[in-house]
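The structure is shown first.

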Amino acid sequence: MTFAWPTGEQDVEILPLLGSPPARKGNDDPMLEVVKHRVALPLEDPGKAKASAASSNPRAGATWWTRLLLAGLLLGLGMMAGIYIQPMAVRVLETAAADSGGTPVAAALEQGEERSGGEERALDVVALGRLVPLGGILAVALPNGAGDARIARLLVNEGEQVAAGQILAELDNMPALLAAKASAQANVMAQQASLEQVRSSTLANLAEARANHAAAEATLMLANQEAERQTRLAAGKLTTQVLIEQARANAAKARAEFDRTAALVNRYSGAGTGDQSDILLAARNLDLARDNLARASEDLASGRVVAPRAGGVLEIHARVGEKPMASGVMTIGDVARMTAELEVYQTEVRMVEPGQIVSVTGQALSAPLTGRVSRVGQIVGRQSVMSTEPAANVDARVVKVVVTLDAESSAAARTYTNLEVIGRIRTKAQ
């Protein structure tokens, strides 16, 4: 008798090979029974056998990964088809609708999106920006001619309001400038006294010259008469030649004195009107001294830092004893009227117009600020206010848009100069 040893759970039939054995009654020989039912071997474990069979086939696990990759590939192909095929389909539908007199598909979709829910919504332009005082921030530099001067005294504090022309600080060159002015003032006083002296002296000399001229005129007249008398006597031989020559000499001497006194009168004759040469010279010296005084007074400006306009002191950059750098002595701005300078992308600036309502928000602001667009720039420049997003475009081209805040918002923003904000410009309502 032969039989096959079972490898699993199956029906086993034991068949005789050498003929039929003798029939026996009962169950005397169980090994010769023909068993036709399901036999379970003692060492068989059905659960482990199935698991080992499944694990022995590597293709069964790889099938799931294949299906997953196939699903991803199909999804990517669908997305690419939507990106490239949908615009073409929309254009075809728009062309067909336009030819048939209908509404373009894109416009219909846009209108459907905007009118969804039966409510109107605003189309906004969002831009980054900063808060600045009206007119911008002004850096107050050293005055012209200050040179290497340093701060000697500060006359204002941060946050203080100043008026235009107010002295903000004094420099260490002020003592020398004040000494130069005092010297110029003394020189003016000396030249003024000299002018008065020259004027009075000239008047006295004029009076004296006139008196001498009158005396010389009388002496000349007498000398001429004596010379004529001696000449007549000489004709009658009643005088000597010595007396004649003496009379002629006296007449010539009197003529010279008369001419000298006449010249003195002419020299001092302008003393009364101030046209006399000595008086004019003294007057010009006085004018020069006054010019020097005016120059010394103007030089005092190089020792003082003056506010060029009214506003508030935002920050002081140089303290006492320090030499101001390129940033200046301090910065001031009119914080009573605040603005927001927004940087709108060049692709969206066409939708922005003066007068549009703007809402401004910032991390440091407790509530949004409101204002209106007051000016749209005309120069496209590089973006200066950057977003904190890692993927933000750092080389975007923008146009500066100035938003003037209302009175309440200006009061709330006056302490946040240069704060980075986000402006939302309501361009139109559909």
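Predicted model: local features only at pLDDT ≥ 70, side-chain atom pairs only at ≥ 80, totals over all residues.

Two strands are taken as paired if DSSP finds at least two bridges between them. By that rule strand S6 (residues 167–171) pairs with S7, because three bridges join the two strands, which run antiparallel. Within this pairing, Ala169 stands opposite Val305 in S7.

S6 and S7 belong to an open sheet of three strands, ordered S4-S6-S7, with antiparallel pairing. Its edge strands are S4 (151–154) and S7 (304–306), each of which pairs on one side only. Direction ignored, neighbouring strands of this sheet are turned by 25° against each other on average.

Further antiparallel pairings involve strand S8 (residues 311–316). S8 is joined by two bridges to strand S5 (residues 161–162), and Gln161 has Gly312 in S8 as its bridge partner. S8 also pairs with strand S9 (residues 330–345) over four bridges; here the bridge partner of Val313 is Ile332 in S9.

| Strand pair | Bridges | Sense |
|---|---|---|
| S6 and S7 | three bridges | antiparallel |
| S5 and S8 | two bridges | antiparallel |
| S8 and S9 | four bridges | antiparallel |

How do the helices H4 and H6 cross? The axes of helix H4 (residues 174–235) and helix H6 (residues 277–299) come within 8 Å and cross at roughly 165°. H4 is therefore roughly antiparallel to H6, as angles over 145 degrees count as such. The crossing of H4 and H6 is left-handed. Sorted by class, the contact of H4 with H6 has 13 nonpolar, nine polar and five charged residues.

Notes:
Residues numbered from 1 in each chain as written. Heavy atoms only, no water. Axes fitted to C-alpha atoms, helices over the stretch in contact; angles between N-to-C directions. Parallel < 35°, antiparallel > 145°, perpendicular 65-115°, else oblique. Left-handed = near helix turned anticlockwise from the far one by under 90°. Nonpolar A, V, L, I, M, F, W, Y, C, P; charged D, E, K, R; others polar.
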